[in-house]
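Subject: Structure for your review

Dear colleague,

Please find below the structure I wished to hand over to you. I would be grateful if you could read the notes that follow it with the structure open beside them.

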Amino acid sequence: MTELASWTAQDTEDVVCCLCRVPGTLVHDVAPFGVVRCPQCELVFISPRLRPEALQRLYDDVGYFEGGVYGSAVSSAAADADDGAPSAEGGWSPAMLLQRTWTAGRLALIDRERGGAAAGGRLLEVGAGYGLFLAAAREAGWTTSGVELSRTGAQHAQDTLGLDVFCGQLEDAPLASGFDVVCAWDTAEHVPDPLSFWRTVRSLVADDGVVLFSTPYVSSLPARLLGTRWWTLKPTEHIWHFTPRTHALVLARAGLALTRVIRSPLAPANAGRLDSLVGVARPIPGA
Ligand SMILES: [Zn+2]
């Protein structure tokens, strides 16, 4: 994982609110980055933030996923995922158990949101990582497609798991629209422009389709209590910080209605996560 201290002001650029196109007001100085809040809509974002080239270097770092919430279990899970068997050195670690709980909980949530309809149809995951969720979705009966910015993650998903994963930004992916389900687990906080991201998702999901996502939220208790010590602040990677209200604003502008928010850390789809939520959104008719 690249350390914060190794980035300088030359690696950064100033950005404006993706909704209001105005600069934010400083909330926390975490030089060379700044945590700012839009004076109009209250969306929190990072400015200055890493330039796109610096961001690509960060995501291509082979250690990137190992520094995240999954811990080192992800690499062993990724190594095991082809046969699904737990490994002796970490298959049943707490991180791995969480990963499995999220995957099962999220697949069950998709079924519930579709009125109990059997799995099947086209499912797109944006931010597919190593492809673990996508492999489970395929196992459940979905025809899957994925998009992942990290070359390390995308390569594993393609070569080891045989998944159809495009390496790059969603806006550049050659995808046919009409997906029944679009998932974006812990992704919207990473994208260069969330409005453009959700508009692209809207163009890809079927009119009767459903969009499911997870994201940290800045109105959570840990975020409010801990300030700059909030473990999820990560100003290099997490460049947008939503609340349910600001996320609903961005989604609505993109033609999507936020129809459900799951904040409980006891819900399987959000298990153990005190500072994150799972959201469900649907296309707004005519939008
Ligand atoms: Zn704004």
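Predicted model: local features only at pLDDT ≥ 70, side-chain atom pairs only at ≥ 80, totals over all residues.

Helix α1

Helix α1 spans residues 52–60, and Ala54, Leu55, Leu58 and Tyr59 are buried in it. These residues lie on the same side of α1, because they cover an arc of only 135 degrees around the axis. Strand β5 (49–50) is included in what covers the buried residues of α1.

Helix pairs

Two helix pairings may be of interest to you. In one of them, α3 (residues 94–113) packs against α4 (residues 132–140) at an angle of about 45 degrees, and their axes are 10 Å apart. The two helices are therefore oblique to each other, and the crossing of α3 and α4 is right-handed. On the α3 side, Gln99, Thr103, Arg106, Leu107 and Ile110 take part in the contact, meeting Leu132, Phe133, Ala136, Ala137 and Ala140 of α4. Sorted by class, this contact of α3 with α4 has 7 nonpolar, 2 polar and 1 charged residues.

In the other pairing, α6 (residues 194–204) and α8 (residues 244–253) pack at an angle of about 55 degrees, with axes 8 Å apart. That angle makes α6 oblique to α8, and their crossing is right-handed. Helix α6 contributes Pro194, Leu195, Trp198 and Arg199 to the contact, while α8 contributes His247, Val250, Leu251 and Arg253. By class, the contact of α6 with α8 has 5 nonpolar, 1 polar and 2 charged residues.

Cis peptide bonds

Alanine 31 and proline 32 are joined by a cis peptide bond, with omega about 5 degrees. Proline 32 sits in the loop between β2 (25–30) and β3 (33–37). The bond from serine 47 to proline 48 is also cis, its omega being near 0 degrees. Proline 48 belongs to the loop between β4 (44–46) and β5.

Positive phi values

Arginine 21 is not a glycine, yet its phi is positive, at about 60 degrees. This arginine lies in the loop between β1 (12–13) and β2. Its relative accessibility is 53%, so arginine 21 counts as exposed.

Aspartate 186, likewise not a glycine, has a positive phi of about 50 degrees. Its place is in the loop between β9 (179–185) and α6. Aspartate 186 counts as buried, because its relative accessibility is 15% and the cut-off for buried is under 20%.

Yours sincerely

How values were computed
Residues numbered from 1 in each chain as written. Heavy atoms only, no water. Buried < 20%, exposed > 50% of the residue type's maximum accessible area, 1.4 Å probe, protein only. Helix = DSSP H or I, 4+ residues; strand = E, 2+ residues; numbered from the N terminus. Arc of directions from axis to C-beta. Contact = heavy atoms within 4.5 Å. Axes fitted to C-alpha atoms, helices over the stretch in contact; angles between N-to-C directions. Parallel < 35°, antiparallel > 145°, perpendicular 65-115°, else oblique. Left-handed = near helix turned anticlockwise from the far one by under 90°. Nonpolar A, V, L, I, M, F, W, Y, C, P; charged D, E, K, R; others polar.
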